[in-house]
Amino acid sequence: MTDNSEAEPRKLSRRHALECMVWAGTGVIWTLSGGIPKSLNLLDEAQAAEAASSNFTFLQISDSHIGFDKEANITAVDTLNEAIGRINGLAVKPDFMIHTGDITHLSKPDEFDDADQIIGSTRIVTHYVPGEHDMVDAGQGKAYMDRYGKDTWGQGWYSFDQNGVHFIGLVNVVNLKAGGLGNLGPEQLDWLQKDLANRPSSQPIVVFAHIPLWTIYPQWGWGTEDSAQALALLQRFGSVTVLNGHIHQIIQKVEGNMTFHTARSTAFPQPSPGSAPAPGPMIVPAEQLKGLLGLTSVNYVVGQRDLAITDSTL
Amino acid sequence: MPLRLPRTARSLAMAAGLATLAFSMPAFAKDVTVTITNFAFAPKTTTIAVGDTVTFINGDDTIHSVIADDGSFHSDGLDTNDKVTFSFAKAGKISYHCGLHPFMKGEIVVQ
């Protein structure tokens, strides 16, 4: 496989200045800076020490695809269980978790039930946004909204504050148009404008949504049509972290004060952009699978512009 | 899977109390298959006659859906080997896409 770990510099200090990396196999040049992911185990002592010295820590889980049972990973339930087992074993518990969508594979009630039960075993508050796989019930999203839509706006978007950081969960998987990418829509953009209007530019912002909010590979729909309008509203803020899922691999870039990061899936890997005829589940030898699945941990320290993002594999 | 019923069979069907079925299906109505493979509909353009049906079969190992651009029909998520059939009662051209991967597009021409 094209190994994304090639895009993860080793032994880089978190405060490392701008780095330019050529992402193997694509020729795309990403600029990376502080908040570089490190290939640490979640239980690594350094990570635990870092978590202890942070003001708070949250975890991102993504693309659990409960119900997926094909060759790329016939046991998506088991790998989610394993990821959650890691979380339950952490010395320092995260303050909360975010799930960036594709909780289920087919939006079926028993898939949502299984995910709730497994993730709920952590007893850690979890904030969800939907993926397109959570919208394919007969009600086209009703199953998701019935379960996770309380206290949200529109088709499931919302915001909340934690220790002075403003978190915004956006929905870009509803009513996708032929030939298009992910889509936020005017109603959500209008809400976002109002949500941000009275906030000081010094407030750190974390935005999370399923489909990447920047264009990674439009041929495979890996981007959001109207994300530029959302990013324009976020431009004035001194620290913006954008966390996405959908593409089942880590890709990141930094643009001005904005750090973009996509998380691994807990279910199955997908090919790097353009490296396969289609973006379907990537079949890898069994012994390699868990090295391609994982979790993302984020530490926040007051006064530091960049949030420390740590990715770990299963 | 042509649904052609010979005259005698149609008479028999009606005699057997299946008149509704026989009358609602125009003579020689047929079913045309569109296969989904590697994130693409094949064939991309399907030409049928009024009253014919189109059956979509998902041959990929992830799910897809079939949604008319004008909203006139939509499927749930189709898992591997799942099928969905739509019938077309009016002449015209209907474009459709996959609701999960909207770069996947196709069209049905009803003559």
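Visitor: Which strands form the open sheet in chain B, and in what order?
Guide: Four strands form it, in the order E3-E8-E7-E5, and the pairing is mixed. Strands here are DSSP runs of at least two residues (E), helices are DSSP runs of at least four (H or I), and both are numbered from the N terminus. Two strands pair if DSSP finds at least two bridges between them. This is a predicted model, where local features need pLDDT of at least 70, side-chain atom pairs count only at pLDDT 80 or more, and totals for chains, interfaces and linings use all residues. Residues are numbered from 1 along each chain as its sequence is written, while chains are lettered from A and ligands numbered from 1 in the order in which they are written.

Visitor: Which ones are the edge strands?
Guide: Strand E3 (45-48) and strand E5 (67-68) of chain B, as each pairs on one side only.

Visitor: And how many bridges join E7 to E8 in chain B?
Guide: Six, with E7 (residues 92-97) and E8 (residues 105-110) running antiparallel. In that pair, B:Ser95 stands opposite B:Glu107.

Visitor: OK, chain A now. How many helices and strands?
Guide: Chain A has seven helices and 13 strands.

Visitor: How do H5 and H6 of chain A cross?
Guide: The axes of H5 (residues 186-197) and H6 (residues 227-234) come within 10 Å and cross at roughly 5°. Axes are lines fitted to C-alpha atoms, for helices over the stretch in contact, and angles run from 0 to 180 degrees between N-to-C directions. H5(A) and H6(A) are therefore roughly parallel, a label for angles under 35 degrees.

Visitor: Which residues make that contact?
Guide: A:Leu189, A:Leu192, A:Gln193 and A:Leu196 of H5(A), with A:Gln229, A:Ala230 and A:Leu233 of H6(A). Two residues are in contact if their C-beta atoms, placed from the backbone, lie within 7 Å.

Visitor: What about the largest nonpolar core?
Guide: It has 73 residues, and A:Phe208 is among those with the most contacts inside it. Such a core is a set of buried Ala, Val, Leu, Ile, Met, Phe, Trp, Tyr and Cys residues joined through C-beta atoms within 7 Å. Buried means that 20 or more other C-beta atoms lie within 10 Å of a residue's own.

Visitor: What does A:Phe208 touch?
Guide: Leaving aside neighbours within four places in sequence, A:Phe208 is in contact with A:Ile98, A:Thr100, A:Val129, A:Gly169 and A:Leu243.

Visitor: How much of chain A is buried?
Guide: Of its 314 residues, 47% count as buried. In strand E13 (residues 308-313) of chain A, five of the six residues are buried.

Terms used:
Buried ≥ 20, exposed ≤ 12 C-beta atoms within 10 Å, placed from the backbone. Parallel < 35°, antiparallel > 145°, perpendicular 65-115°, else oblique.
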